[in-house]
Amino acid sequence: MNECQLDRPVTARVQARIQESGSIFTLRLALPTDFAFVPGQFNELYLPGVGAVPISIVRAEGRLVDHSIRAVGRTTLALSALKAGDSLLLRGPFGQGWPLTALTGKNLMILTGGLGCAPVHALILELLARRGDFGRISLIQGVRHADDLIWRQTYEAWSSRGDVEVHLAADNSSPDWPWHHGRVTTLIDLTGLPQADTRVILCGPEVMMDHAIRHLLDTGYRAGHIWLSMERNMHCASGQCGHCQMGPLFVCKDGPVFNLPAIQPYLFREGI
Ligand SMILES: Cc1cc2nc3c(=O)[nH]c(=O)nc-3n(C[C@H](O)[C@H](O)[C@H](O)COP(=O)(O)OP(=O)(O)OC[C@H]3O[C@@H](n4cnc5c(N)ncnc54)[C@H](O)[C@@H]3O)c2cc1C
Ligand code: FES
């Protein structure tokens, strides 16, 4: 049973801190009890006296939970200074995860940009654990610079399995970059997936998701077959404060994963 209560934070001890890239690090946290979640959900990480931030759950096993975090501001920079043995407070899991039932039996395109790979990592582990339940699985991950790619060895291991297609792209790449150059959206067509029988999982910067959605819809993918994970500033994480509101929807409670038709009227519009 998951002992974490949504309204009662637990103390989490940093078991390991891994530097993934210049600004991205992973905290492996040890909780007092086993932790259960649905891939796509998130936790709130608290540093008393500093702040609280929503962070996707990358992986959980027993009492251990991994979070990969980009240091961008007050709280994430303070989190990045933690080392093994330090403590923080954790509340969760929150939100709606990826729709595993709707994905079963289908071809899957998992399209991510930048640290958008974090909210889908646990989903990919689940899909691979039940590999026979799905059709083709195509992973597309884009980064701005080749140096921004995290989990390079993980992608190589997935690629070498033979039953998963991996397409990596960098807008700006170095000579030793062995994968694609250019925008991640140009890789959609390369997969050759059948539009009507493919479900799409999307996560990344909003400008990337905007371009990807337009391209997918223009090339015959159906809106109802596309799910995306949204990020908004959050405060209560329980649908009460309105910080994360998009029209009538709350990203913390109704999302962060949404089926495209539900969220489409409020997407990529200022002031919503
Ligand atoms: C459901 C969800 C899951 C998330 N998962 C992850 C994750 O796995 N890893 C990760 O690194 N980050 C994740 N984020 C984003 C993370 O919560 C923010 O980067 C963090 O709240 C920034 O807080 P701060 O105090 O460090 O920065 P602040 O001092 O608050 O702000 C620094 C800068 O970041 C911007 N910013 C703040 N919050 C957000 C936000 N939610 N989205 C976009 N820009 C923001 C601000 O406008 C400002 O420019 C997630 C957000 C949500 C809503
Ligand atoms: S964070 Fe308060 S309503 Fe979502």
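Reader: Which atom of ligand 1 does the backbone of R74 approach?
Author: This is a predicted model. In it, a backbone N or O atom of R74 is 3.1 Å from an oxygen atom of ligand 1.

Reader: And what about side chains, say that of T76?
Author: The side chain of T76 has an N or O atom 2.4 Å from an oxygen atom of ligand 1. The side chain of S56 also takes part: one of its N or O atoms lies 3.1 Å from a nitrogen atom of the ligand.

Reader: How much of ligand 1 does the protein bury?
Author: The ligand exposes 870 Å² when taken alone, and the protein buries 70% of that area.

Reader: Which elements give two or more residues to the shell around ligand 1?
Author: They are the strands β4 (51-56) and β6 (64-70), together with the helix α1 (74-80). Strand β4 provides the largest share, with 4 residues.

Reader: How many residues surround ligand 1, and which are the closest?
Author: The ligand is surrounded by 20 residues, and P54, S68, R70, T76 and N233 are the closest of them. Sorted by class, the shell holds 10 nonpolar, 6 polar and 4 charged residues.

Reader: Where does ligand 1 sit among the pockets?
Author: The ligand takes up space in the largest pocket. The volume of that pocket is about 1,400 Å³.

Reader: Which residues come closest to the centre of the largest pocket?
Author: Its lining has 43 residues, and those closest to the centre are L115, G116, G204, P205 and E231. Elements that give two or more residues to this lining are β4, β6, α1, α3 (118-129), β9 (137-145) and α6 (206-218).

Reader: How does the lining of the largest pocket divide by class?
Author: The lining has 20 nonpolar, 15 polar and 8 charged residues.

Reader: Let us turn to the backbone. Which residues does a cis peptide bond join?
Author: One such bond joins G92 and P93, with omega at about 5 degrees. P93 belongs to strand β7, residues 87-94. A cis peptide bond also links G255 to P256, where omega is about 10 degrees. P256 lies in the loop between β15 (249-250) and β16 (257-259).

Terms used
Residues are numbered from 1 along each chain as its sequence is written. Chains are lettered from A and ligands numbered from 1 in the order in which they are written. This is a predicted model: local features need pLDDT of at least 70, side-chain atom pairs count only at pLDDT 80 or more; totals for chains, interfaces and linings use all residues. Side-chain values use heavy atoms; hydrogens and water are left out. A residue is near a molecule or strand if one of its heavy atoms lies within 4 Å of it. A polar contact is a pair of N or O atoms within 3.5 Å; within protein, one must be able to donate a hydrogen and the other to accept it, and residues adjacent in sequence count only if both atoms are side-chain atoms. Accessible areas come from the Shrake-Rupley method with a 1.4 Å probe; for residues, only the protein chains shown count as cover. On a 1 Å grid over the protein atoms alone, a cavity is a set of points where a 1.4 Å probe fits but cannot get out, and a pocket is an open set with protein on both sides within 12 Å along at least five of seven lines; lining residues have an atom within 4 Å of a point. A molecule sits in a cavity or pocket if more than half of its atoms lie within 2 Å of its grid points. Ala, Val, Leu, Ile, Met, Phe, Trp, Tyr, Cys and Pro count as nonpolar, Asp, Glu, Lys and Arg as charged, and the others, Gly among them, as polar. Grid points are joined across faces, edges and corners, and a volume is the space filled by probe spheres set on the points.
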